[in-house]
Amino acid sequence: MYVYLNGKLVPSKEASVSVFDHGFLYGDGIYETMRVYDGVIFKLDEHIKRLYRSASLIGLTIPLETDALKISVYETLIANSLRNAYLRLTVSRGRGALGLNPELCPEPTVVIIAQKFKEYPKTLYQNGISMIVSSIRRNLKEAINPQIKSLNFLNNILARIEAKRAGAYEAIMLNANGELTEGTVCNVFFYKSGVLYTPSLECGILDGITRGTIIDLAIREYMKVKEGRFTKEDIYSAEEVFITNTTLEVMPVSKTDKSEYNIGNVTKLLHKAYRKEVNAYVADVKAEEPSIWGLNI
Ligand code: PLP
């Protein structure tokens with residue numbers, strides 16, 4: 001396996017980062033996770049745009065133009081002969097003397113890891129996952145803007161530990177006002193009385209790329225969609241609940257704390273529509289730019 005590290009593809013055993021890297025020392029950095037379907041990175045432009053937005057929000061200059069970065073991502077896939085993959089693109093502040101000052105780090109560290117995509121068990125999609133409402137509140141958006149997809153994930157890790165201890169798969173966090181926000185690595189949707197609901201960005205969540213796609217698809221399917229401020233009682237009394245992210249796509253939730261749900265038609269329909277959207281996207285990219293963004297290996 002080859003890893004892209006600061007402009008070079010190196011064998012994974014040799015791909016190491018300094019103990020003085022501020023990503024390691026202070027969680028000072030950003031990242032994106034992408035999914036590759038049949039040689040095409042789904043919504044690559046959106047992920048790259050969000051990466052640069054995260055960088056700008058922490059005053060970090062990515063040392064590559066967007067097109068050069070996209071080529072590097074594809075080169076990493078080619079080096080590993082991967083057509084269906086999980087991709088992680090990380091940019092940290094880089095190596096520098098101890099201390100929080102970003103100017104101590106002259107060069108950011110850029111890492112691209114590509115791994116074969118391991119499918120989630122089918123039974124999870126058939127039976128749904130269980131979720132808790134975490135006692136850990138989501139970071140105050142005025143303290144750490146959740147739109148920064150940062151390397152500092154402790155808030156989410158604490159909630160995930162709580163979920164694990166409770167025997168659940170995921171945890172949804174509330175914000176400081178007691179409103180629903182998001183899962184530890186996903187956005188959350190619920191359906192009730194003909195309306196699809198999801199917490200709005202103002203509640204303090206990441207604007208998930210999958211979330212955006214699902215909202216568009218639901219509107220295209222003539223569903224009523226409401227983004228807003230909701231409480232845990234709203235999710236307890238829902239008819240259907242599902243979570244979304246780039247790797248899970250649309251995962252049904254069968255239980256939140258003591259409330260149970262059926263895996264309903266809305267969740268199934270939206271997951272089907274999502275897969276159709278992925279297939280159409282892959283076909284479009286291959287038709288438009290077969291040799292660059294559609295992988296020819
Ligand atoms: N919310 C959080 C906290 C996340 O970490 C993620 C994905 O990693 C998401 C939401 C979903 O984002 P996306 O759909 O862009 O993968």
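Which pocket is the space taken by the ligand? The space that the ligand takes is the largest pocket, where a pocket is an open set of points on a 1 Å grid over the protein atoms alone, with protein on both sides within 12 Å along at least five of seven lines, and lining residues have an atom within 4 Å of a point. This is a predicted model, in which local features need pLDDT of at least 70 and side-chain atom pairs count only at pLDDT 80 or more, while totals for chains, interfaces and linings use all residues. Residues are numbered from 1 along each chain as its sequence is written, and side-chain values use heavy atoms, with hydrogens and water left out.

Around the ligand there are 15 residues, of which K149, E182, I209, T210 and T246 come nearest; a residue is near a molecule if one of its heavy atoms lies within 4 Å of it. The table gives polar contacts, that is, pairs of N or O atoms within 3.5 Å.

| Residue (polar side-chain atom) | Ligand atom | Distance |
|---|---|---|
| K149 | oxygen | 2.8 Å |
| E182 | nitrogen | 2.7 Å |
| T210 | oxygen | 2.6 Å |

On its own the ligand has 400 Å² of accessible area, and the protein covers 95% of this, as computed by the Shrake-Rupley method with a 1.4 Å probe.

The largest pocket holds about 900 Å³ of space, a volume filled by probe spheres set on the grid points. Its lining has 47 residues, and Y31, K149, T184, V185 and N245 lie nearest the centre of the pocket.

How values were computed:
A polar contact is a pair of N or O atoms within 3.5 Å; within protein, one must be able to donate a hydrogen and the other to accept it, and residues adjacent in sequence count only if both atoms are side-chain atoms. On a 1 Å grid over the protein atoms alone, a cavity is a set of points where a 1.4 Å probe fits but cannot get out, and a pocket is an open set with protein on both sides within 12 Å along at least five of seven lines; lining residues have an atom within 4 Å of a point. A molecule sits in a cavity or pocket if more than half of its atoms lie within 2 Å of its grid points.
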